[in-house]
Amino acid sequence: MNLWNETKSVPISKEQVWLAYKKVHSNHGSAGVDQISMEEYDSGRSKHLYKLWNRMASGSYFPPPVKEVEIPKKDGKVRKLGIPTISDRVAQMVIKEQLEPRFEKVFSPHSYGYRPGKNAHQALEQVRQNCRMTDWVIDLDIKRFF
């Protein structure tokens, strides 16, 4: 296989967009900067999904801005949360479904963050097991690391 075959874009099908939409719909998310709720999106679903598929399939999709919401933390500070539009969440799901199986093959089995079938409880259990073998732990916050 040559470099062209490895870097060639993957066609986006209408079925991929539909399956991604069903996953996004089941999460019952709120509206993004476009203020289109899930109910409004559903009323024009075929129009929205066709437009999204057309742009993704042609390579002309650009995500809209993300709505920023501040979530209060226990220590009095706030955490900023980005809420994408429903169409953008569908687009992200299409890409996630394409990329995740490929990257899962190369991820370390010791990585637990945002991994399918892995969660914080499993990570803590692994830490407990590791502490029985060594007396040190490395914990990094990427944002503060740099």
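**View 1. Ile95 sits in helix α5.** Ile95 lies in helix α5, which runs over residues 86-104. The model shown here, as in every view, is predicted. Ile95 counts as partly exposed, because its relative accessibility is 39%. Partly exposed is the class between buried, under 20%, and exposed, over 50%. Ile95 also belongs to a nonpolar surface patch. Now find Ala20. Ile95 and Ala20 are 75 residues apart in sequence. In space, their C-alpha atoms are 9.1 Å apart.

View 2. Helix α4 covers residues 45-58, 14 residues in total. From first C-alpha to last, α4 reaches 20 Å. That is close to the 20 Å expected at 1.5 Å a residue. Four residues of α4 are buried: His48, Leu49, Leu52 and Met56. These four lie on the same side of α4, because they cover an arc of only 90° around the axis. An α-helix has 3.6 residues a turn, so residues three or four places apart point the same way. On the other side of α4, Ser46 and Lys47 are exposed. What covers the buried residues? The cover includes α2 (14-26), α3 (38-43) and α5. Look next at what follows the helix. Gly59 comes after α4, and its phi is positive, near 80°.

**View 3. His48 is a buried residue of helix α4.** His48 lies in helix α4. His48 counts as buried because its relative accessible area is 16%, and the limit for buried is under 20%. Which residues does His48 touch, not counting those up to four places away in sequence? They are Ile36, Glu40, Tyr41 and Ser87.

**View 4. Arg115 and Glu104 meet in a salt bridge.** A search of the whole structure finds six salt bridges. One of them joins the side chains of Arg115 and Glu104, at 2.7 Å from N to O. This pair links distant parts of the chain. Arg115 is in the loop between α5 and α6 (120-133), and Glu104 is in helix α5. The two residues are eleven residues apart. Is Arg115 buried or exposed? Arg115 is buried, with a relative accessible area of 8%. Glu104 counts as partly exposed, at 24% relative accessibility.

**View 5. Arg128 and Glu125 pair within helix α6.** Arg128 forms a salt bridge with Glu125. Their closest N and O atoms are 3.4 Å apart. Both residues lie in helix α6. They are three residues apart, about one turn of the helix. Arg128 is partly exposed, with a relative accessible area of 44%. Glu125 is partly exposed too, at 32% relative accessibility. Elsewhere, salt bridges that share partners join Lys23, Lys96, Glu97 and Glu100 into one network.

**View 6. Lys96 and Glu97 form a salt bridge.** In this pair, the closest N and O atoms are 3.6 Å apart. Lys96 counts as partly exposed, because its relative accessibility is 36%. Glu97 counts as partly exposed at 35%.

**View 7. His28 has a positive phi in a loop.** His28 is placed in the loop between α2 and α3. What is the phi of His28 near? The value is near 55°, which is positive in a residue other than glycine. His28 counts as exposed because its relative accessible area is 64%, and the limit for exposed is over 50%.

**View 8. Tyr114 has a positive phi in a loop.** Where is Tyr114 found? Tyr114 is in the loop between α5 and α6. Tyr114 has a phi near 55°, a positive value in a residue other than glycine. Tyr114 is exposed, with a relative accessible area of 87%.

Terms used
Residues numbered from 1 in each chain as written. Predicted model: local features only at pLDDT ≥ 70, side-chain atom pairs only at ≥ 80, totals over all residues. Heavy atoms only, no water. Patch = residues over 30% accessible without salt bridge, like charges linked within 9 Å, V, L, I, M, F, W, Y side chains within 5 Å. Areas by Shrake-Rupley, 256 points an atom, 1.4 Å probe, with all protein chains shown as cover. Salt bridge = Lys/Arg side-chain N within 4 Å of Asp/Glu carboxyl O. Buried < 20%, exposed > 50% of the residue type's maximum accessible area, 1.4 Å probe, protein only. Expected span 1.5 Å × (residues − 1). Arc of directions from axis to C-beta. Contact = heavy atoms within 4.5 Å.
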